[in-house]
Amino acid sequence: MSAGTFTPRPGAAPVSRMILAQTALETRMLLRNGEQLLLTVIIPALLLTLFSTVDIVETGSEKSVDFLAPGILALAVLSTAFTGQAIATGFDRRYGVLKRLGASPLPRWALMAAKTLSVLVTEVLQIALLTAIAFALGWSPHGNPLSAAALILLGTAAFSGLGLLMAGTLKAEMTLAAANLVFLLLLVGGGVIVPLDKFPDAVQSVLGLLPIAALSDGLREVLQHGGALPWGDAAVLAAWAVAGLGAAARWFRWE
């Protein structure tokens with residue numbers, strides 16, 4: 001045995017390794033949380049199955065699933081990037097988890113990066129499951145998958161910024177109530193299940209500027225109608241992403 005075989009090497013691990021480790025931890029915590037699974041997986045899957053098989057809402061499509069699948073994919077992004085992240089981060093902040101992690105070798109920006117990567121990993125699992133269900137229900141998507149992926153990334157950035165802003169400024173209990181309320185309101189009025197043209201003309205233009213409406217309509221333009229990347233919807237999502245992430249970076253409180 002040579003000298004120095006077991007010589008300790010003090011110091012922090014590379015930042016990339018710390019981010020990957022924190023991402024794995026965040027993802028495992030999410031997948032072990034029954035309430036989060038209900039919100040991110042079970043509710044979207046049930047809505048897709050129910051409204052695709054029962055004629056509750058007139059969608060104007062030959063097959064309801066062709067209209068509903070893009071909207072449910074947008075709902076999955078909302079549930080994970082906004083509602084789930086806001087609630088989890090809010091309670092991490094309340095219990096001092098963020099404060100303790102902030103004192104560790106893991107930089108704060110790396111912690112936010114890990115949370116974002118965890119959201120993306122969860123969304124990949126959600127989209128895979130919901131796509132399989134939609135195919136089983138007879139979904140026939142069209143268009144360029146890269147355009148759909150671009151919209152989903154923009155939607156993730158928009159909802160993540162808004163979720164972090166809420167979690168970093170409100171108390172955990174208020175975040176829990178507000179995040180769930182926003183989820184329900186956007187589910188009903190964001191064009192996910194009910195087409196926007198079913199609403200009065202006076203509010204359609206306002207609802208169309210919501211990030212969930214832009215994501216739902218953009219995904220339908222690509223996946224249902226086979227269109228190119230809808231730049232108008234992409235611009236709306238990009239504007240929300242810049243505003244949300246900028247506000248979160250400015251006003252997020254770690255304690």
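Predicted model: local features only at pLDDT ≥ 70, side-chain atom pairs only at ≥ 80, totals over all residues.
**Exercise 1: the largest pocket**

Work out which residues lie nearest the centre of the largest pocket, and which helix gives the most to its lining.

*Solution.* Start with the volume, which is about 500 Å³. Next, look at the lining: 24 residues make it up, and Leu30, Asn33, Gln36, Gly84 and Ala88 lie nearest the centre. Now go helix by helix. H1 (15-32), H2 (34-53), H3 (64-94), H5 (108-136) and H7 (172-189) each put in at least two lining residues. H3 gives the most, with 8 residues. Finally, sort the lining by class: you get 10 nonpolar, 10 polar and 4 charged residues.

**Exercise 2: helix H9**

Check the span of helix H9 (residues 211-223) against what its 13 residues should give, then find out what its buried residues pack against.

*Solution.* At 1.5 Å a residue, H9 should span 18 Å, and its end C-alpha atoms are 18 Å apart, so the two agree. On to burial: 11 of the 13 residues in H9 are buried, so the helix is mostly covered. Among them are Pro211, Ile212, Leu219 and Arg220. As for partners, the buried residues of H9 pack against H3, H6 (145-169), H7, H8 (201-207) and H10 (231-251).

**Exercise 3: Asp92**

Decide whether Asp92 is buried or exposed, and find its side-chain polar contact.

*Solution.* First place Asp92: it sits in helix H3. Its relative accessible area is 14%, and because buried means under 20%, Asp92 counts as buried. Leaving out residues up to four places away in sequence, Asp92 touches Val97, Leu98 and Lys115. With the side chain of Lys115, the Asp92 side chain makes a polar contact at 3.3 Å.

Note on methods:
Residues numbered from 1 in each chain as written. Heavy atoms only, no water. 1 Å grid on protein atoms, 1.4 Å probe; cavity = no way out; pocket = protein on both sides within 12 Å on 5 of 7 lines; lining within 4 Å. Points joined across faces, edges and corners; volume = space filled by probe spheres on them. Helix = DSSP H or I, 4+ residues; strand = E, 2+ residues; numbered from the N terminus. Nonpolar A, V, L, I, M, F, W, Y, C, P; charged D, E, K, R; others polar. Expected span 1.5 Å × (residues − 1). Buried < 20%, exposed > 50% of the residue type's maximum accessible area, 1.4 Å probe, protein only. Contact = heavy atoms within 4.5 Å. Polar contact = N/O pair within 3.5 Å; in protein donor to acceptor, adjacent residues only side chain to side chain.
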